[in-house]
Amino acid sequence: MKALVFGVEPDGWQAPADAPPLGRSLASSPVALLEVPDARPLRPDWLVTRPLLTGICGSDSKQVLLDFGEGGGDSAMIAFCSFPQVLGHEVVAEVVELGPAAEGFAVGDRVVLNPWLSCRPRGIEPVCPACEAGDLSLCWSFTTGDISPGIHTGVSRDATGGYADLMPAHTSMLFKVPDSVPTEQAVFADPFSVSLRAITRNPPPPGGKAIVWGAGSLGCAAVSILRALYPDVEVAVVARFAQQAALAKDLGAHLVTAHEPLEDVLETLAQWSGGVLRRTADRRGLPMCHPGFVDVAYDTVGKADSFTISARVLATHATIVKAGVHAPARWEWSPVDFKELRWVGSNAFGVETVEGVRKHAIEHYLDLVEEGRVDLSGMLTHVFSLDQWRDAFYAIADQGRSGSIKVAIKP
């Protein structure tokens, strides 16, 4: 089968002279489109699927464009990966082969991937306390068993991902897609689920105010969740690109502002929320908002600038939820202490509670789409073939010119 493999020698491609820095980095990225052995069931209760559409996650694009993988420095997560990898975990696929003990599916079923390589896919019994609690992304067994280390499909050498003609999966890792849900909407199940956990486990108060940092797939999903599940909450969005800002407005954000200059962002958010800005007499540095009246910031960017502004504009005892992945950086965090803020991480998704109903986040997403309460169809802006993989990542590297939000690969 044909597969996009990370952790191999670059193929010698040269970037165009006018390529942006991220686009030029594609030339040295350890990625190549190769012929590899066909995917097979990794255990008797696994099956094989044919990817129909695979979204490019922000973590994948950063790994390919910035080399957050083998060359990524002192990452605490390296122990939870194995190389080489076939990336791609935001996958809608069709079942093409069943392992001898695979149950609950038939050849031809259209499915969406829950990518976690937790206890059950690894054949580990009894399951760990995290899996027992439904926290599949916190599983204790990501480096255990006869499947190579990896937290999810695409970062394990054995569990190859969706940038390929075929992809293996355990039966517990798949959810059937209802006929009424198009593949082009089912592909958002993973990023939606990431934002669903971040919000429902750290909800805004009734009638409160929330900031969403970023208007890519996680950010736009966060806006749709807030508007669907917390309609009395006012939502402000900080967006980097014009196409993202337009979609955030369409999804119901009350305020959308640009991501820079930082002082303008801070002033805009303070004015929107009714916060009082405090400045030094010589206007040195960024001002501080106190009192502030923003209850929670959902950060899908994870950069020092977004943390800095959130901490300065939030109310006392408010919350910053970090759901985005970015390179580590220093930021001025004295407002965290002064305002007694909560700064919490949110790791992907598992079994979640929505409106009193507890089930897997992907099931919640499919239900909300079927009910007409969530429609992210405007988020898919670009689709490329597997042979065009470099064009796909280039569109992400140059979003200002390409107008991309969610880019997907259709093998």
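This is a predicted model: local features need pLDDT of at least 70, side-chain atom pairs count only at pLDDT 80 or more; totals for chains, interfaces and linings use all residues.
Residues are numbered from 1 along each chain as its sequence is written, and side-chain values use heavy atoms, with hydrogens and water left out.

Let's start with the strands. Helices (H or I, at least four residues) and strands (E, at least two) are DSSP runs, numbered from the N terminus, and two strands pair if DSSP finds at least two bridges between them. An open sheet is formed by three strands in the order β2-β1-β4, with antiparallel pairing. β2 (31–35) and β4 (85–86) stand at the edges with a single partner strand each, so one side of each has no neighbour in the sheet. Strand β1 (residues 2–6) is joined to β4 by two bridges, and F6 stands opposite Q85 in β4.

Further along, strand β5 (residues 90–98) pairs with strand β6 (residues 110–113) over three bridges, in the antiparallel sense. There, A93 has V111 in β6 as its bridge partner. β6 also runs antiparallel to strand β8 (residues 174–176), joined by three bridges, and L113 has L174 in β8 as its bridge partner.

Now for some rings. Rings of Phe, Tyr and Trp (its six-membered ring) pair if their centres lie within 6.5 Å; planes under 30 degrees apart count as stacked, over 60 as edge-to-face and the rest as tilted. The structure holds eleven aromatic pairs. For W331 and W333, the ring centres are 6.0 Å apart and the planes are at 75°, so this pair is edge-to-face. How well covered are these two? Buried means under 20% relative accessible area, exposed over 50%, and partly exposed in between (1.4 Å probe, protein chains only). W331 is buried at 13%, while W333 is partly exposed at 48%.

Another edge-to-face pair is W389 and F393, at 6.2 Å centre to centre and 70° between the planes. Both lie in helix α13 (residues 389–397), four residues apart, about one turn of the helix. W389 is buried, with 4% relative accessibility, and F393 is buried too, at 0%.
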